[in-house]
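Subject: Model for your files

Hello,

Here is the model we spoke about. Please look through the sequence and coordinates first; my notes follow.

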Amino acid sequence: MDIPSTPAAAAPSLVDRCRRGDREAWRELVETYSRYVYAIILRGYRLSESDAEDVFQDVFARVFERLETLRDDEALRGWIAQVTRNLCTDHLRRAHTHEELSDATVTDLDERLTDLDQALAVRQALTRLPPGCADILDRFFCQDQSYRSISAALGIPPGTIASRISRCLQRLRGEFVGRDESSDPSGGI
Amino acid sequence: MSMDEHEIGRLLRLLPAAPAEWTQAAQELPFLSAELADIMERARGDGGFRDGLRTDAGATLKQHGYDLSPSVVAHLMRILPDEG
């Protein structure tokens, strides 16, 4: 399955601005990729939370230091993934826990990382939805909030939460696959 | 591309937010390299300063003129040398 390169679409100017030391651009870059890096470290390599924090900071420090070496700005996502993978491997090697990986383990890791690439593309599609839709999906799927919590936070009836999530998911799917399947002019919420 | 809503939901769940303090530190640290190097150098050579950092890092840093966010202070404490 091809993965839409949505982060890369906005990447060139962002990377250029980061290279020039633009703090706001750097904030945006970290905001865009922090979930991705965090997930590779925790879900991909399954580091402990404590070790993960060290690697997480090392990843962004290295990305910042070496942005000048990135020849193709559109390769930003892949490059960040590679930096993260390298630092996770280095960390495991230093901790003497990185035994020779079996083919099955490598395949499993590759599958998890491919999943995360797709997840980032979906996440990017989420940012293009109306704020109400993005918010309710983020609360339900990413923050694991209950219908009751979402209802209280957004001030909408609990009985309508499920249908709103369903409509917003349809809309997100449409955005992700490149077409909007929702005809709801309210933005689906 | 065939991907149903169930799969979209599953993928969304794969990317929870990183801890906010980690993200904030990552956003700030590259612009604080001079201050951090200075603090680390001082901590290596000044036992009193190092002890102060361990006792109350925020207050000690402020007392010495460093204005750092709690996220950066927390990171600093993680990389602080054990001894001078």
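What percentage of the 84 residues of chain B count as buried? The figure is 26%, where buried means that 20 or more other C-beta atoms lie within 10 Å of the residue's own, exposed means 12 or fewer, and partly exposed is in between, with C-beta atoms placed from the backbone.

Some conventions. This is a predicted model, in which local features need pLDDT of at least 70 and side-chain atom pairs count only at pLDDT 80 or more, while totals for chains, interfaces and linings use all residues. Residues are numbered from 1 along each chain as its sequence is written, and chains are lettered from A and ligands numbered from 1 in the order in which they are written.

Chain B

Chain B has five helices and zero strands (DSSP runs numbered from the N terminus: H or I of at least four residues for helices, E of at least two for strands). Its C-alpha atoms fill a box of roughly 60 × 20 × 20 Å along the principal axes. The radius of gyration of chain B is 19 Å, whereas a compact globule of 84 residues would have one near 12 Å (taken over C-alpha atoms; the globule rule is 2.2 Å times the number of residues to the power 0.38). Of the contacts in chain B with a separation of 6 or more, 64% are between residues 24 or more positions apart; a contact means C-beta atoms, placed from the backbone, within 7 Å.

Where the chains meet

The contact takes 35 residues from chain A and 23 residues from chain B. On the chain B side, the elements giving two or more residues are α1 (5-13), α2 (20-28) and α5 (70-79). α1(B) gives the most, with six residues. By class, the chain B side has 16 nonpolar, four polar and three charged residues (Ala, Val, Leu, Ile, Met, Phe, Trp, Tyr, Cys and Pro count as nonpolar, Asp, Glu, Lys and Arg as charged, and the others, Gly among them, as polar).

α7(A) packs against α1(B) at an angle of about 75°, with the axes 8 Å apart. That makes α7(A) roughly perpendicular to α1(B) (the class for 65 to 115 degrees). Here A:Leu137, A:Phe141 and A:Cys142 meet B:Gly9, B:Leu12 and B:Arg13.

Chain A

In helix α7 (residues 131-142) of chain A, the buried residues are A:Cys133, A:Ala134, A:Ile136, A:Leu137, A:Phe140 and A:Phe141. A:Asp144 follows α7(A) and lies in the loop between α7 and α8 (147-154). A:Asp144 is not a glycine, yet has a positive phi of about 60°; the residue is exposed, with 10 other C-beta atoms within 10 Å. A:Arg46, also not a glycine, has a positive phi of about 55°. A:Arg46 sits in the loop between α3 and α4 (49-65) and is partly exposed, with 13 other C-beta atoms within 10 Å.

Confidence

Chain A averages a pLDDT of 85, and 83% of the residues score at least 70 (pLDDT is the predictor's confidence in each residue, from 0 to 100). Within chain A, helix α3 (residues 23-44) has the highest mean, 95, and helix α1 (residues 6-9) the lowest, 51. Residues 179-189 of chain A have pLDDT below 50, although this stretch has 27 contacts in the model beyond near neighbours in sequence. Where pLDDT is low, the predicted coordinates should not be read in detail.

Regards

Methods:
Contact = placed C-beta atoms within 7 Å. Axes fitted to C-alpha atoms, helices over the stretch in contact; angles between N-to-C directions. Parallel < 35°, antiparallel > 145°, perpendicular 65-115°, else oblique.
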